[in-house]
Amino acid sequence: MARAAFFFFLFLFISNHLICQVLAQDDENKDDGDNKDGNGSNNNGNGNDNNGNNNGNNGNNNGNNNNGNSNGNNGNNNSNGGNNNGNNNNGNNNGDNGNGNNNNNNNGNNGNNNGNTGNNNGNSNGGNSGGNNNDNNNNGNNNKNGDNSNNGNSNNNNNSGGNSDNGNNNNNGGNNNNNNGNNNNGGNHNAKVDNFDYAHIKPVDVGVNWGNLASHPLPAKIIVQMLKDNGIKRAKLFDADETSVKELAHTGIEVMVAIPNGMLFDMAVDYSNAQNWVKENVTRWVKDGSVKLKYVAVGNEPFLKSYNDSFVKDTFPALKNVQQALVEAGHGKMVKATVPLNADVYEGTLPSDGVFRKDIKQHIDNILKNLHDNESPFIVNIYPFLSLYESPDFPVEYAFFEQGAKGLQDKNHRYTNVLDGNYDTLLSALKKAGYPDIKIIIGEIGWPTDGHKAATSQSAQKFYDGLFKKLAKRDGTPLRPGTEFDVYLFGFLDEDAKSIAPGKFERHWGIFRFDGQPKFPIDFTGRGQNKMPVGAKGVKYYDHKWCVLDKGVTNFELVDQQLFKACQEGDCTATEPGSSCSGLDNLTKVSYAFNMYFQMNQQGKKACDFEGLALITDKNASVGNCLFPIQIDSGGAAILVNLATGAAAMAATVAGILLTILM
């Protein structure tokens, strides 16, 4: 009985748990990850992360003192030296003072690297342990990422938002280093040794999801350059935005454009609408070969239970019309129409039990026949994070591809990770539906870095490290051994305008921050090179100004009202318990909320009024690991954020902040 219950518990989450998405416009909502990486960080991955959270206290002090004790001691000296002369500060000074945590970023002499020496095995933590920045290689200004003035934060391996100004110590929050550096990302003591030769494999080919639900979208030109700089050759969009597609022209990057759920009805009821859409968004780009357009996504997860069948009847007719329009226009062999679906369309307590949901089976059967007849792929979005998000008792090792996981037996097959179990549950469902050999694409898979206690940069790095090892081995799954997974990572950038109804982490799925700076080391080739990806170059930021609560305030009822406004129309997700700013005192959390609203509203003077409760300062307001960011200047592309459907969720956050204040 206990064994059966465990099987049911594990694979039920594996097969069909995806947090509901509320806004039809927010077709890209995803969920959250786990952080408790368990023992290990510096000392040979065995725990004792003595340095991770010491947070170098002195910011700018010529940090050439603190290297002596680094010998095998995890370099927990935290170099009281912020970023100056980084010679001895050995990269793990988490400089809390907003000037540095540059981790020797400026002078990059980290030659001594004393903080990580001893027997640290350098990369046991991939540079996560509280600041051993620079990928444990202490390469100095590790990925300073172009325009030094505002991107420096890209160093800090775990910098889940290291601030946009590390480069020059004005540092809009550089202190953010290593977001929760003490997460002990070292892994499992009992993990088996992995002797696979990753260094000499054929590079892994992954795509990325490029979403645009941001108050201040990073210019498409900059994003495309990031794709090229990081060797990413496939991009999946959630619309067919002309500016984005135009920038992808003549790059050789393979493109998937999309028809949002809100347009499915129009595509379904009138074939001419599908014809016109294909002419405008496909033919114009492929007729001269300028854009390597390969797929059209018709809707995005339209069968989510949370949509209450809003798109069920329209999805297949829309797919049929769009595919027919592609064929009629002469693109049928080159461009394929498909429907990205959530993993909740199939279910089963074990992979071999996999079947499609009864309530949508007829619609799925119609879609599968169309995909098969047109040699189009089945796209599924899989999120191992959800298992941990929805159940704290879920076995952590299954989400992180950890070596030595106990595994689950399903007849003659053993499963040691969520991805294999979920994928094979789908294979079983496809086989029972009569389409065992259809091509499968994993349209979205990833891990968030903030907005929940389980969503950290350390956990995201750990997840991606395990995922890329899985992809590099090309060993497939128990039911489809030797399969080379076709994967799109979610997501490329944080999006601060996404609905938070599914969870506060929704705005933090990016491998890169909102300003295009990387959060943690990741090797997109799968060769195990623990290096920071190349961040955005040429980013323009607003002035070095912050909006904070006037400390003389006594009318906390008014604070309550204004705080709600700031969080509803801004972004307070980083103050969620366990998140990067959850450790702030409650009055400082109000300042954080006011500043986010101020930044997202172009630093307008009226945006820092709050009925006389706030004031503008030129002093960096960042505290410890909590970044008070300065927003980017999108050149007039900023959009207003007011997601009413997230009001209930945000009200809970506001109530949590105010409770202590009013007491």
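**Close-up A. Glu375, an exposed residue with positive phi.** Glu375 is exposed, with a relative accessible area of 67% (buried means under 20% relative accessible area, exposed over 50% and partly exposed in between, with a 1.4 Å probe and protein chains only). Glu375 has a positive phi of about 55 degrees although it is not a glycine, and it lies in the loop between helix H8 (361–373) and strand E9 (378–381); helices (H or I, at least four residues) and strands (E, at least two) are DSSP runs, numbered from the N terminus. The model is predicted, so that local features need pLDDT of at least 70 and side-chain atom pairs count only at pLDDT 80 or more, while totals for chains, interfaces and linings use all residues. Residues are numbered from 1 along each chain as its sequence is written, and side-chain values use heavy atoms, with hydrogens and water left out.

**Close-up B. His250 in the loop between H4 and E3.** His250 is not a glycine, yet its phi is positive, at about 60 degrees, and the residue is exposed, with a relative accessible area of 70%.

**Close-up C. Strand E1 and its pairing with E13 and E2.** Five of the five residues of strand E1 (residues 206–210) are buried. In a regular strand the side chains alternate between the two faces of the sheet. Both faces of E1 are covered, with Val206, Val208 and Trp210 on one side and Gly207 and Asn209 on the other. E1 pairs in the parallel sense with strand E13 (residues 487–489) over three bridges (two strands pair if DSSP finds at least two bridges between them), and Gly207 stands opposite Tyr488 in E13. Three bridges also join E1 to strand E2 (residues 234–237), again in parallel, and here Trp210 has Leu237 as its bridge partner.

**Close-up D. The cis peptide bond between Phe490 and Gly491.** The peptide bond from Phe490 to Gly491 is cis, with omega near -5 degrees. Gly491 is found in the loop between E13 and strand E14 (546–549).

**Close-up E. Packing of helices H13 and H14.** Helix H13 (residues 556–569) packs against helix H14 (residues 586–600) at an angle of about 45 degrees, with the axes 8 Å apart; axes are lines fitted to C-alpha atoms, for helices over the stretch in contact, and angles run from 0 to 180 degrees between N-to-C directions. The contact (heavy atoms within 4.5 Å) involves residues including Phe556, Leu563 and Glu569 of H13 and Leu587, Phe594 and Tyr597 of H14.
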